[in-house]
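Here is a note for a colleague who is opening this structure and has not seen it before. The points below are meant to be read with the model in view.

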Amino acid sequence: DAEPRTKPKDQQTNQNATSKQNPKPTSKSKTTSKSHATRKKHPYKYYGNIPDVNWRAIPMEHLRSHPLYIPLPHPNTITHLNSLEDVRHFRQDSWQWDELHKGRCTTSQAAPALGLLEPNAARALGIPRSLQKGCMSAFYRLGQPALRNLEDMNRILATGGNEDELELESESEDVWKEMNYGHVGNTNGLYPFPAKYMPCISKDALKDRTKDAEKYLQNLSSPMRIRMSWGNVQEATAILTALNYFSKHDPDLRVKEIGMCGAGLDLNVTNTGQEPGLMVGASPDSVIEYSNGTLEVLEVKNHCPFVPTEWTSGSKDQKNKKMKLGDYRIRELPLQFSVPPAYIPQLMMEMLCCGDSCRSAIMVRQTATCGAVILRLHRDDEWITEMNYWLQRFMVEYVDIEKPPPPNFFWDCDEESERYQKFIQRTKTISEQVELVEYVRHNDIQRVLGENGLRCPLFLDHLN
């Protein structure tokens, strides 16, 4: 399980079919709902007590120094905003980015506000019960006072107040070394990635991480926190997966860090007074800018491999037997070559907020042991118009008058129920029409390596 040292065979496919005029690689299938199942013996121990959520993760601070990645400035250096849209320059780990969410319908609140997580709509979309959390988070968020004009944004946001850049152990050495890699126009490249990641993790570092993880687990309020932490920590690694793949087809592209987009949309500009009104915003994980000027938003989803052993099905004796093996187990379901319906509002709102020229979105669904899939969703302006219509209704009929929505609001509430149900059906159809761009094999994902061949187990209590 090491970073490949020779060029994978699949790098040589479709290279001649890709040109600078059309740098985006063509999809392997226009519509698919197939899954990729890996049935080989699992290379890791299934059970353990100390899951490593930082497992082989490349930190965001290091991704920012990659030669093909364009980072945002440190938020403390932003002292003036010239336009509403300039707030997109605040990094997503800044307090300013958090402040911009108040009173604004961002991607995390779009599905709840649209009623997608209500029982009837969720059932029609096939959304699991565990995700049917209702709309009250959106109701309370949209009811907060929002920053609505440039004067207030400058007064409140352009004031610094963030921590200085993190000083990592590898700061004194080069993080990346540019390599002769295989891409369109360079079939002789021997290295599989544009740049080699130089820092390695040592056994002492893993021991220190083990101590930190033990303290973290002692104060863990819910096992779901582990899954959330995994998604956050592994985000930069999944962004790198997209960067590595697309740069093979367009070596002159750049992947750019971005904050909250859409503050300058006409929808938001007309609501810049003190009166209530719908405000939207979206923060893609990054944006891909191709050499011909084409722009795609990039969203990554990291599927956590750890689940509590007590969640195992079976008899009480079977569960007790497995519990003796460890508090957690590895569970990696087959990769789905699809975008779940609950994520359609997120991707569509990201395209909306990045401007009319953004016509598609990329989603990377990445696992710890089964590789990753890269998917493309095309923009649907009619669907976006309907999304805005229902979000406006949610704002006017519930938020503005401080009236909590009833269950299944919109589904069977008035004469427009049929229109809403068609919107739900269209959402499901769009989720099934996603394009598969690529399946990335496990060994073709660039991650941190162990020092001198050190093995990096998923469970820290399995260290040699």
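1. At 0% relative accessibility, Cys358 counts as buried; here buried means under 20% relative accessible area, exposed means over 50%, and partly exposed lies in between, with a 1.4 Å probe and protein chains only.

2. Some words on the basis of these values are in order. This is a predicted model, in which local features need pLDDT of at least 70 and side-chain atom pairs count only at pLDDT 80 or more, while totals for chains, interfaces and linings use all residues. Residues are numbered from 1 along each chain as its sequence is written, and side-chain values use heavy atoms, with hydrogens and water left out.

3. On the cysteines, the count of disulfides comes to zero, a disulfide being a pair of cysteine sulfur atoms within 2.5 Å. Cys358 is in no disulfide, and the nearest cysteine sulfur, that of Cys354, is 5.1 Å away. As for Cys456, its sulfur is 8.9 Å from the closest cysteine sulfur, in Cys200, which is too far for a bond; Cys456 counts as buried too, at 11% relative accessibility.

4. For the chain as a whole, there are 14 helices and 16 strands, these being DSSP runs numbered from the N terminus, with helices (H or I) of at least four residues and strands (E) of at least two. Of its 464 residues, 54% count as buried, and among contacts between residues at least 6 apart in sequence, 79% join residues at least 24 apart.

5. Seven bridges join β13 to β14, which run antiparallel, and two strands are said to pair if DSSP finds at least two bridges between them. Ile362 stands opposite Arg376 in β14, and in the hairpin of β13 and β14, which has five residues between the strands, Gly371 takes a positive phi near 85°. On β14 there are also five bridges to strand β15 (residues 435-440), again antiparallel, with Val373 opposite Tyr439 in β15. Six of the seven residues of β14 are buried, so this strand is largely enclosed by the rest of the structure.

6. Helix α13 has 19 residues and reaches 25 Å from its first C-alpha to its last, close to the 27 Å expected at 1.5 Å a residue; the expected span is 1.5 Å times one less than the number of residues. Its buried residues include Trp383, Trp390, Phe394 and Tyr398, and what covers the buried residues of α13 includes α3 (107-113), α5 (136-142), α10 (266-269), α12 and α14.

7. Which residues of α14 are buried? They are Ser417, Tyr420, Phe423, Ile424, Thr427, Ile430 and Ser431. Seen down the axis of α14, these buried residues fall within an arc of 145°, so they line one face of the helix, the arc being that of the directions from the helix axis to the C-beta atoms. The face turned away from the buried side carries the exposed residues Glu418 and Lys422, whereas the cover over the buried residues of α14 includes α4 (119-125), α12 (344-353), β14 (372-378) and α13 (381-399).

8. Finally, two residues other than glycine have a positive phi and may be checked by eye. Phi of Glu402 is near 55°, and this residue sits in the loop between α13 and α14, where Glu402 is exposed, with a relative accessible area of 69%. Phi of Arg56 is likewise near 55°; Arg56 has its place in the loop between β2 and α1 (60-63), but Arg56 is buried, with a relative accessible area of 8%.

Methods
Contact = heavy atoms within 4.5 Å.
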